[in-house]
Amino acid sequence: MIASLSEEQLFDIKQKFLRTIPHPKLILKQILRIDKSFEFKHGDYSHSKTLSDELNEYESDLLRLKLDISNAKEASALSNSLKNLLQLQYQLIYKLSSYAPISELDQETDIKMSDPFETYELFKFLKANDITESEIKNYLCKELKSEIEGPFSILVTSVLRAKKITANE
């Protein structure tokens, strides 16, 4: 059942998603605010693409979805766009979490699940450091095992954030 929302309520919801893409539970919360009968089921997240290809596709799809969200004139259109956004977020999250080295997951980190994924910065990092698909897990293991103080790279941060999200579902 789609809720009847005022123009101002629609605008408020849209603004939340045009700035940064929040944690999937917050996306789901807004979907349920609009469509109380919605039940989320994780899709089939096949990982046949490289991370770079996935990030490229994510950015393209995200721009299209932000435009759809911006142009939504009624609650049902906004709900459909947010549902697509939720699927897109989970596809990215499951792709990133698939790289997490099992032995290093018990490490305590201060990485917040609620922070947004900086996909463009992640893509640039992969290219700048010439990290290929087959080298990602090795890179993660090396960085996680290193004794160097300071923040993790964006790659490690993104993978650990994604793993935290999937572990807390």
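Predicted model: local features only at pLDDT ≥ 70, side-chain atom pairs only at ≥ 80, totals over all residues.

Residues are numbered from 1 along each chain as its sequence is written, and side-chain values use heavy atoms, leaving out hydrogens and water.

**Ring pairs**
- Rings of Phe, Tyr and Trp (its six-membered ring) pair if their centres lie within 6.5 Å; planes under 30 degrees apart count as stacked, over 60 as edge-to-face and the rest as tilted.
- By this rule there are four aromatic pairs.
- One of them joins Phe 38 and Phe 40, a tilted pair with 6.4 Å between centres and 40° between the planes.
- Phe 125 and Tyr 139 make an edge-to-face pair, at 5.8 Å centre to centre and 65° between the planes.
- Ring pairs also link Phe 38, Phe 40, Tyr 90 and Tyr 94 into a cluster.

**Buried or partly exposed**
- Buried means under 20% relative accessible area, exposed over 50%, and partly exposed in between (1.4 Å probe, protein chains only).
- Phe 38 is buried at 18%, whereas Phe 40 is partly exposed at 22%.

**A charge over a ring**
- The charged end of Arg 161 sits over the ring of Phe 117, 5.7 Å from its centre (the rule asks for NZ of Lys or CZ of Arg within 6 Å of the ring centre and within 35 degrees of the ring normal).
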